[in-house]
There are 2 protein chains.
Amino acid sequence: MTTGRATPAEDACTNAPPLTALSGPVSHAVSRVARLHRTAAGKALKGVDLYPGQELLMMHLWDRGAVRQTELIRALDLDPSTVTKMLQRLEQTGHVRRRPDPADRRAVLVEATDESCALHTAVRDAWGSLEEQTLAGLDPAERTELLRLLAKVEENLCRETADCPDRC
Amino acid sequence: MTTGRATPAEDACTNAPPLTALSGPVSHAVSRVARLHRTAAGKALKGVDLYPGQELLMMHLWDRGAVRQTELIRALDLDPSTVTKMLQRLEQTGHVRRRPDPADRRAVLVEATDESCALHTAVRDAWGSLEEQTLAGLDPAERTELLRLLAKVEENLCRETADCPDRC
DNA sequence: AACTTTACCTTGGTCGGCCAATTAATGGGC
DNA sequence: GCCCATTAATTGGCCGACCAAGGTAAAGTT
């Protein structure tokens with residue numbers, strides 16, 4: 001099998017019977033949709049001085065006020081180091097302020113700056129239109145069905161991964 | 001409003017009426033599912049010497065044999081620079097080989113190395129079980145429905161973003 | 001009180017992604 | 001034949017995300 005020529009693309013490896021797009025249709029779809037969605041979010045947030053991902057953190061701060069970093073880590077389900085670095089950048093761009101927690105000298109309290117509040121509505125609108133764009137052409141029944149199925153999938157992935165002590 | 005205590009979390013900003021989780025339910029769900037899915041893929045690929053994202057590129061190479069980089073860029077819908085860097089790393093780890101395209105001196109032909117073919121089935125199995133884990137508890141009708149809705153969403157995001165000259 | 005464990009955060013490194021700008025080769029119009 | 005637009009890749013810089021290790025402070029044990 002090493003010397004035969006066959007069709008140019010075939011037998012590159014073992015004479016593989018199946019093909020990419022069929023091996024995990026939903027998995028592939030999730031990947032693509034996620035990246036497209038993130039890109040779209042990035043564009044929607046273009047004029048807001050926020051990078052995709054930061055808006056979720058800011059939303060949480062706008063909603064909950066001053067919180068300690070651990071809370072963000074749990075709420076956004078991110079790695080601690082990720083949050084640290086995001087906050088460093090957000091602090092540098094003036095969207096966030098950090099101060100030591102008087103009640104626990106290990107902890108840090110984080111809150112949105114007053115200036116950042118100007119972005120609040122802009123972000124809300126951006127996410128609104130993003131949601132609308134995402135769901136265009138889906139009737140209400142389909143939307144709730146999609147949400148239900150995604151929730152189920154999320155639970156599947158979360159449970160089996162088993163790194164969610166309390167979120168599930 | 002600076003001195004009042006109110007509820008601890010409220011009025012951090014404008015007295016915002018709505019709240020994070022409600023602003024874009026599907027968008028949030030997509031984000032979370034995507035990250036969980038990616039993490040799960042990473043774990044499944046842990047013993048395979050591949051990082052999440054690389055497996056899709058390799059799958060394409062295994063399926064199609066030697067292709068030029070442009071084809072990967074279009075097939076995976078990634079930025080050219082992303083593909084370049086991924087290939088540099090994959091080349092360094094010995095999974096991929098690059099050689100100049102004799103027909104076009106600008107282009108580069110990429111193909112999976114023979115060694116990488118050992119991973120072929122492992123990756124296929126990993127994605128198979130990942131797919132199964134993702135869809136656990138969904139009956140066939142729900143699966144096809146999910147797939148259909150995701151395709152619709154993908155088209156929405158792809159069309160409006162309008163950076164897909166031919167893919168849509 | 002002294003020791004051990006646990007919790008909170010940071011640092012350094014690596015990857016996948018994007019954008020902007022560059023180089024090099026091809027191809028079309030004239 | 002010559003110039004110019006197009007296409008193929010690369011480089012550098014940035015961000016989100018992860019892991020592994022480290023340092024400090026709090027809580028629990030004995």
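Predicted model: local features only at pLDDT ≥ 70, side-chain atom pairs only at ≥ 80, totals over all residues.
In chain A, strand E2 and strand E3 (residues 108-112) pair in the antiparallel sense, over 5 bridges. I then looked for the helix that packs on this sheet, and found helix H3 (residues 54-64) of chain A. H3 touches E1, E2 and E3 of chain A, and its direction makes about 90° with that of E3(A).

Next I checked one facing pair. A:Val96 stands opposite A:Ala112 in E3(A).

I wrote down the strand order. The sheet of chain A is open, has 3 strands and runs E1-E3-E2, with antiparallel pairing. Strand E1 (67-68) and strand E2 (96-100) of chain A each have a single partner strand, so these two stand at the edges with one side lacking a neighbour in the sheet.

I moved on to the interface. I found 65 residues of chain A in contact with 64 residues of chain B. The two chains bury about 6,300 Å² between them, and 65% of that lies on carbon and sulfur atoms. Which three residues supply more than any other three of the area chain A buries against chain B? They are A:Val26, A:Leu36 and A:Leu157, with 10%.

I looked up the charged pairs. The rule finds 7 salt bridges across the interface of chain A and chain B. I also noted a salt bridge between the side chains of A:Asp77 and B:Arg35, at 3.9 Å, N to O.

Last, I listed the elements giving two or more residues to the side of chain A that touches chain B: H1 (20-23), H2 (25-44), H3, H6 (117-134) and H7 (140-161), helices of chain A. The residues of that side divide into 33 nonpolar, 16 polar and 16 charged.

Definitions and conventions
Residues numbered from 1 in each chain as written. Chains lettered and ligands numbered in written order. Heavy atoms only, no water. Pairing = 2+ DSSP bridges. Helix = DSSP H or I, 4+ residues; strand = E, 2+ residues; numbered from the N terminus. Contact = heavy atoms within 4.5 Å. Axes fitted to C-alpha atoms, helices over the stretch in contact; angles between N-to-C directions. Buried area = accessible area lost by both parts, 1.4 Å probe. Salt bridge = Lys/Arg side-chain N within 4 Å of Asp/Glu carboxyl O. Nonpolar A, V, L, I, M, F, W, Y, C, P; charged D, E, K, R; others polar.
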